[in-house]
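This report is written for a reader meeting the structure for the first time. Please look over the sequence and the model before reading on.

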Amino acid sequence: MKRYLLWIMLVCLLPPGGAGAEVQRYAIRDLPAVTSPRWEQTYTAYGRTIQVSEEVQIPRVDSAPVLTVRAAPPVADTIAQELTAFCEKSMREDRVHSYSFASTAYVTAYDHATPPMWGKTRQADVYSQVEMGWDAHLLADYQLGAAYADNNPLLLGEAADIAQAQITALFPGDALYLMNAAVFDRTFYKATGKPISEKGYYHLEFHQVFHGIPYMGSVHSAFSVKAVGNEDYWLEKRGCASADVFDADAFLLACWFYQETGVLQSDIPLLPFDSVKGKVEALIYAGYVRAVDRVALGYVQFDTENRQEQLLLPAWVVWCEYQQDGPQAERSGPFYTDGWLEDEPYYRPIIINAQSGEIIDPENNANGRCMAPEIEAW
């Protein structure tokens, strides 16, 4: 731990661009011209080889506003009543598939004709009688025009279109960014290996898009120790939606959305990724970052003094495998295989302030660590 504290002090003192470098910030529209399009490099640390090969994702927009947001309200009463009545009627008449709808200030969830996982009907209690299982596969490298789900001809792109159309019907005007995609195979009897369910399905994780800039995650997600003091740990979930898609008429949605409430700054100057990359490289060399999954400029949620209102600030985010115990840590389970990628114990965003170049210390457990930083205008 002493070694880590020394490392984080050195990293925080390291200026953007390295010692002696002149710090220059740019409009977001100019960043592609001054940023390397890819991060391609091989690192060796503590006997491990870390290969990084990722596109540096920059939104193609003219400005980078700072926004205030709060939890999206439930869907309109007329829509909620219509869908609730439809689901109740369908559950009485359809003995096979499941239906439900609920919309609150926390989550809107819609289950439309999802097939049973444990048997041929909802009533079949196969799970309590036999050992069963299923396999999930993260699609780290995929094509939208290909089919991946077990015994299911649905293309990945078709599944994404189905999910987005249904979410947009509930939240008109909300744009979505496909963050992660996975497939879940058919459930099967462990004893025989024979399938129980009819087909596999796609699990899709979407993030909201504001002013053309995708939401990358919450500052709460960056820390190893969760919910210090009176922090709202559940903010880690908001700004996102998940969808399980079996076919055009069978899907399960859950949306934890934000609603924009104001523009704090219409545009702010930002550092190119090349100026802050050294902060992440230091974590690699120190043995904490073992794999890099995504490099993007996007919105990150920070807390404000008003617990009902949050701030979205453009920041550089590197989603990666992060090992809290550092160079000597070994995985207690597989990484990058489970379909629920954002629930992986080692999957975390490394967040860097795109104005100051300051990194969010994953091991910071001080009160106030999630509060919004100072913002520099043009």
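Is helix α6 (residues 277–285) mostly covered or mostly uncovered, and how many of its 9 residues are buried?

## Overview

The structure is a predicted model. The protein contains 6 helices and 17 strands. It has 378 residues, and 51% of them count as buried. Among contacts with a separation of 6 or more, 75% are between residues 24 or more positions apart.

## Helix α6

Helix α6 is mostly covered, since 7 of its 9 residues are buried. These buried residues are Lys277, Lys279, Val280, Glu281, Ala282, Leu283 and Ile284. The list therefore includes the charged residues Lys277, Lys279 and Glu281. Just after the helix comes glycine 287, with a positive phi of about 90°.

In soluble globular proteins, nonpolar side chains tend to be buried together. In this model the largest nonpolar core has 63 residues, and the residues with the most contacts inside it are Ile28, Trp39, Trp316, Val318 and Ile350. Strand β16, which spans residues 310–322, gives the most to this core, with 10 residues. A second core of 34 residues is separate, and Phe101, Ala149, Ala163 and Phe206 are among its members.

Leaving aside residues up to four places away in sequence, Val318 touches Trp39, Phe273, Val280, Val292, Arg294, Val295, Arg348, Pro349 and Ile350. Another partner, Val280, is one of the buried residues of α6.

## The cavity

Rolling a probe the size of a water molecule over the atoms shows where empty space is left. A search of the whole structure finds 1 cavity of 30 Å³ or more. The largest cavity holds about 40 Å³ of space.

Its lining is formed by Ala72, Pro73, Thr104, Ala105, Tyr106, Val107, Thr108, Phe171, Arg238, Cys255, Trp256 and Phe257. By class, 9 of the lining residues are nonpolar, 2 are polar and 1 is charged.

## A buried lysine in a loop

Lysine 199 is placed in the loop between β9 (188–189) and β10 (201–210). Lysine 199 counts as buried because its relative accessibility is 17%, and the cut-off for buried is under 20%. Its side chain is joined to that of aspartate 247 by a polar contact of 3.0 Å.

Asp247 is also among the residues that lysine 199 touches, together with Asp150, Asn151, Asn152, Arg186 and Phe246, when residues up to four places away in sequence are not counted.

Most residues other than glycine have a negative phi. Which value does phi take in tyrosine 46? Phi of tyrosine 46 is near 55°, a positive value in a residue other than glycine. Tyrosine 46 sits in the loop between β1 (38–45) and β2 (48–57), and its relative accessible area of 42% makes it partly exposed.

Histidine 211 has a positive phi of about 55°, although it is not a glycine. Histidine 211 lies in the loop between β10 and β11 (213–218). With 42% relative accessibility, histidine 211 counts as partly exposed.

Conventions
Residues numbered from 1 in each chain as written. Predicted model: local features only at pLDDT ≥ 70, side-chain atom pairs only at ≥ 80, totals over all residues. Heavy atoms only, no water. 1 Å grid on protein atoms, 1.4 Å probe; cavity = no way out; pocket = protein on both sides within 12 Å on 5 of 7 lines; lining within 4 Å. Points joined across faces, edges and corners; volume = space filled by probe spheres on them. Core = buried A, V, L, I, M, F, W, Y, C linked by side-chain atoms within 4.5 Å. Buried < 20%, exposed > 50% of the residue type's maximum accessible area, 1.4 Å probe, protein only. Helix = DSSP H or I, 4+ residues; strand = E, 2+ residues; numbered from the N terminus. Contact = heavy atoms within 4.5 Å. Polar contact = N/O pair within 3.5 Å; in protein donor to acceptor, adjacent residues only side chain to side chain.
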